[in-house]
Amino acid sequence: MTEASNQKQSQDNLHLGICESGKILHIAGRFDEALEKYRNAMMMSASQRAPQVFARHYVDCILDCLQHAKRFDVAIELLDQAISNKGGESPVVIAPFQFRKLIILCQLGQHQEALILVSELDSTMYADSALYLALKQALVRRQSMPERWLDQILNHHKFYTVRKDNVDKKRAQIGQKH
């Protein structure tokens, strides 16, 4: 590769570095700064017409951040928007948003609302997931779901995208400047 093409590649992937630097801020509990990085990464990837997979990853990072910051109302609002915007699409497209909403409803202790989502998720790819089955079982049995238990089960199943073991520190260094 030539120097010019290396620079072009680096510029094209800058949004990845920005996101990775957001993950470092997120893990440090600097949620507002992390959210700003994630939003910048998303806007940059959209302006570069990057593949949709990048936007989906950045949305997951934003939702993780909102959950960790306990801004559940904002997360639910974003999820409801995504679900209504994707209304005519395949259940495969909508299910990840519904599954995350199910988890947030459990975190909020809104078990009746969560049970409604269970009936919608039973016919999706999540129906056989160990995390889904554990949550469903607790809901059906009307078990309490203390915050500590939910945190443990979510971490055990590596639900969150933003984790210490899932940060590219080299890319993050590039993104810290932006």
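**Figure 1. Salt bridge between Arg71 and Asp32 in the predicted model.** The closest N and O atoms of Arg71 and Asp32 are 2.5 Å apart. Arg71 sits in the loop between helix H4 (52-68) and helix H5 (72-85), while Asp32 belongs to helix H3 (residues 31-47), so the pair ties together parts that are 39 residues apart in sequence. Arg71 is partly exposed at 27% relative accessibility, whereas Asp32, with a relative accessible area of 52%, is exposed.

**Figure 2. Salt bridge between Asp64 and Arg100.** In this pair the closest N and O atoms lie 2.9 Å apart. Asp64 is part of helix H4 and Arg100 of helix H6 (residues 91-108), so the contact ties together parts that are 36 residues apart in sequence. Asp64 is buried, its relative accessible area being 0%; Arg100 is buried as well, at 4%.

**Figure 3. Salt bridge between Arg171 and Asp168.** The closest N and O atoms of Arg171 and Asp168 are separated by 3.7 Å. Arg171 has a relative accessible area of 36% and is partly exposed. Asp168 is also partly exposed, at 31% relative accessibility.

**Figure 4. Network of salt bridges around Arg56, Asp60, Asp64 and Arg100.** Shared partners join these four residues into one network. The structure as a whole holds 12 salt bridges.

**Figure 5. Cysteines Cys61 and Cys19.** The cysteine sulfur closest to that of Cys61 is in Cys19, at 3.8 Å, which is too far for a bond, because a disulfide requires the sulfur atoms to be within 2.5 Å. A search of the whole structure finds zero disulfides. Cys61 is buried at 0% relative accessibility. Another cysteine, Cys106, is buried at 1%.

Conventions. Residues numbered from 1 in each chain as written. Predicted model: local features only at pLDDT ≥ 70, side-chain atom pairs only at ≥ 80, totals over all residues. Heavy atoms only, no water. Buried < 20%, exposed > 50% of the residue type's maximum accessible area, 1.4 Å probe, protein only. Salt bridge = Lys/Arg side-chain N within 4 Å of Asp/Glu carboxyl O. Helix = DSSP H or I, 4+ residues; strand = E, 2+ residues; numbered from the N terminus.
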